[in-house]
Amino acid sequence: METKTQNLKELYEKDFYLWVQENLRLLKNKEYDLVDWENLLEEIEDMGRRYLDSAISFMAVILEHLYKWENFRYREYVGHSWIKSIYNARNELAVIFKRHPSVKAKAQERENIQSAWELAVYRLINWFKEPQNHDLAKKYFGRFPTEKDFPQECPYTFEQVMEYEPWV
């Protein structure tokens, strides 16, 4: 039995799809002692985490574009693509939250909003490094910005992530 379990653990690294099929067969046959529990539990945890990671990523897009709108809109016609991006990200979040209501509760936690903000800051920094934005970096910061040039704590609430429309 130890050999079968060890072979299954090796299969996890070599052929993930076959590993899934084999574990599924073992579970259906109630051969619980042969299941690769260590990797199976890790995969189940990862499955749940994917939806929260997606929500955090969409929140980061919203935060990035809200912050750009409020701080780096240097002409009246600038920022319309940011609005579209915010609406699209909110639509994606609505779908995730409808299908997985508990993800919404988790996404609202301060630590997850903060994670989204930290990702948004990295995106903002990279945005200024794009060649077409070098002049903006110089205008607003005198150089390329770093994390220290942005608020350390997220300046927006979850409600603002989901509803705030400063362009209205």
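User: What does Arg-143 count as at its relative accessibility?

Analyst: The classes are set by relative accessible area: buried is under 20%, exposed is over 50%, and partly exposed lies in between (1.4 Å probe, protein chains only). Arg-143 counts as partly exposed because its relative accessibility is 42%. The model is a predicted one, in which local features need pLDDT of at least 70 and side-chain atom pairs count only at pLDDT 80 or more, while totals for chains, interfaces and linings use all residues. Residues are numbered from 1 along each chain as its sequence is written, and side-chain values use heavy atoms, with hydrogens and water left out.

User: Which side chain meets that of Arg-143 in a salt bridge?

Analyst: Side chains of opposite charge can pair when their charged atoms come close. A salt bridge is a side-chain nitrogen of Lys or Arg within 4 Å of a carboxyl oxygen of Asp or Glu. Here the partner of Arg-143 is Asp-149, at 2.7 Å from N to O. Asp-149 also counts as partly exposed, at 24% relative accessibility. Elsewhere, salt bridges with shared partners join Lys-9, Asp-36 and Glu-38 into one network.

User: How many salt bridges does a search of the whole structure find?

Analyst: The search finds 10. One of them pairs Arg-49 with Asp-53, whose closest N and O atoms are 2.9 Å apart. An α-helix has 3.6 residues a turn, so residues three or four places apart point the same way. Arg-49 and Asp-53 are separated by about one helical turn because they lie four residues apart in helix H3. Helices are DSSP runs of H or I, at least four residues long, numbered from the N terminus. Another bridge joins the side chains of Glu-109 and Lys-106, with 3.3 Å from N to O.

User: Where is Asp-36 placed, and which residues does Asp-36 touch?

Analyst: Asp-36 sits in the loop between helix H2 (16-28) and H3. Asp-36 is classed as buried because its relative accessible area is 0%. Contact means heavy atoms within 4.5 Å. Leaving aside residues up to four places away in sequence, Asp-36 touches Leu-8, Lys-9, Tyr-12, Trp-19 and Asn-23.

User: Which residues of helix H7 are buried?

Analyst: In H7, residues 134-141, the buried residues are Leu-136, Ala-137 and Phe-141. They lie on the same side of H7 because they cover an arc of only 105 degrees around the axis; the arc is that of the directions from the helix axis to the C-beta atoms. Helix H6 (110-129) is among the elements that cover them. The face turned away from this buried side carries Asp-135, Lys-138 and Lys-139, which are exposed. Lys-138, for instance, has a relative accessible area of 62%. After H7 comes Gly-142, with a positive phi near 80 degrees.

User: How many aromatic pairs does the count come to?

Analyst: Rings of Phe, Tyr and Trp (its six-membered ring) pair if their centres lie within 6.5 Å; planes under 30 degrees apart count as stacked, over 60 as edge-to-face and the rest as tilted. The count comes to 19. Phe-72 and Phe-141 form a tilted pair because their planes stand at 50 degrees, with ring centres 5.9 Å apart. This pair links distant parts of the chain, 69 residues apart: Phe-72 lies in the loop between H3 and helix H4 (80-99), and Phe-141 in H7. Both Phe-72 and Phe-141 are buried. Trp-127 and Phe-128, by contrast, are edge-to-face because their planes meet at 70 degrees, with centres 4.8 Å apart. Trp-127 and Phe-128 are buried too.

User: Which residues make the nonpolar surface patch?

Analyst: Patches are made of residues with over 30% relative accessible area and no salt bridge; like charges are joined within 9 Å, and nonpolar side chains (Val, Leu, Ile, Met, Phe, Trp, Tyr) within 5 Å. Tyr-32, Trp-37, Leu-41, Ile-44 and Met-47 make a nonpolar patch of about 510 Å², with areas from the Shrake-Rupley method and a 1.4 Å probe. Trp-37 belongs to helix H3 (residues 37-71) and is partly exposed, at 36% relative accessible area.

Definitions and conventions
Helix = DSSP H or I, 4+ residues; strand = E, 2+ residues; numbered from the N terminus.
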